[in-house]
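Hi,

Here is the structure I said I'd pass on. Have a look at it first, then read on for what turned up.

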Amino acid sequence: MPPVREALSRDRVVAGGVAIADADGLAAVTMRRVAAELECEAMSLYHHVPSKDALLAALADEATRLVVQATAAVTAPTGVDAVRRRCLAAREVMLRHPWAPGLIGAQQHTPPSAWALYEQLVGTLSEAGFDDDLAHRAIHSLGSMVFGFSTELFEPDSGDATPDPDTMAMMAQQMPHLARMAASVVHEVDGALSVCDTRAEFEFTLGLVLDGLERERVRRAAG
């Protein structure tokens with residue numbers, strides 16, 4: 001007797017897309033490839049996601065749902081510390097799914113799961129003494145860091161981003177400040193979402209934002 005296949009569902013389609021993106025990158029996620037992963041006909045997928053764009057939007061929402069799941073149980077002595085720890089927990093999710101930051105950032109509409117993350121953030125800040133105006137500013141100030149990544153202006157697609165010797169020589173002549181910085185700053189690859197997105201750099205930026213928000217909260221409370 002042949003084994004009974006699990007019924008096709010939207011959750012299975014999304015999980016199949018996540019598995020492919022994790023293994024081979026987002027470019028490998030196609031309706032045909034997902035169908036092959038789930039051992040079904042590609043047309044069957046359209047009963048659950050109407051298009052490839054809808055599938056990619058569902059993957060972005062799944063990534064944000066995983067962030068909500070990972071950060072929900074995080075606690076800390078203060079609200080600001082809780083936000084800090086949640087951003088770092090969210091970053092662990094992004095490291096497991098390195099395709100997610102670019103996909104989330106490319107969405108034209110907020111992934112539905114993100115609203116739960118914002119609700120969590122505003123609730124934590126409110127309990128820590130932030131008024132609604134400052135909590136609103138905090139959302140904008142933290143930006144993508146609550147999802148566990150920071151937005152880079154330019155990110156290399158792949159390969160070694162270290163300039164070759166000829167480029168370094170040209171930089172030394174024409175752009176001495178950039179050349180000096182490139183030669184002196186070490187860019188770690190392990191545990192990074194982009195060439196410059198190391199944990200230390202992420203924490204540094206996060207600390208600047210949260211420390212500034214806390215100073216503003218104290219100033220408002222005293223005024």
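**Aromatic pairs**

The count comes to two aromatic pairs. In one of them, the ring centres of Trp115 and Tyr118 are 5.8 Å apart and the planes sit at 70°, so this pair is edge-to-face, as planes over 60 degrees apart are. Bear in mind that this is a predicted model. Trp115 and Tyr118 are three residues apart in helix H7 (residues 114-127), so about one helical turn separates them. Trp115 is exposed, because its relative accessible area is 53%, and the cut-off for that is over 50%.

Tyr118 also pairs with Phe147, again edge-to-face, with 6.0 Å from centre to centre and 85° between the planes. This pair links distant parts of the chain: Tyr118 belongs to helix H7, while Phe147, 29 residues away, is in the loop between helix H8 (132-142) and helix H9 (165-174). Is Phe147 buried or exposed? With a relative accessible area of 6%, Phe147 is buried. Taken together, Trp115, Tyr118 and Phe147 make up one aromatic cluster.

**A charge over a ring**

Another ring to look at is that of Phe202: Arg91 lies over its face, 5.7 Å from the ring centre.

**A nonpolar patch**

On the surface there is a nonpolar patch formed by Met170, Met175, Leu178, Met181 and Val185, which together have about 390 Å² of accessible area. One of these, Leu178, is in helix H10 (residues 176-184). Leu178 counts as partly exposed because its relative accessibility is 42%.

Cheers

Terms used. Residues are numbered from 1 along each chain as its sequence is written. This is a predicted model: local features need pLDDT of at least 70, side-chain atom pairs count only at pLDDT 80 or more; totals for chains, interfaces and linings use all residues. Side-chain values use heavy atoms; hydrogens and water are left out. Patches are made of residues with over 30% relative accessible area and no salt bridge: like charges are joined within 9 Å, nonpolar side chains (Val, Leu, Ile, Met, Phe, Trp, Tyr) within 5 Å. Accessible areas come from the Shrake-Rupley method with a 1.4 Å probe; for residues, only the protein chains shown count as cover. A salt bridge is a side-chain nitrogen of Lys or Arg within 4 Å of a carboxyl oxygen of Asp or Glu. Helices (H or I, at least four residues) and strands (E, at least two) are DSSP runs, numbered from the N terminus. Buried means under 20% relative accessible area, exposed over 50%, partly exposed in between (1.4 Å probe, protein chains only). Rings of Phe, Tyr and Trp (its six-membered ring) pair if their centres lie within 6.5 Å; planes under 30 degrees apart count as stacked, over 60 as edge-to-face and the rest as tilted. A charge sits over a ring if NZ of Lys or CZ of Arg is within 6 Å of the ring centre and within 35 degrees of the ring normal.
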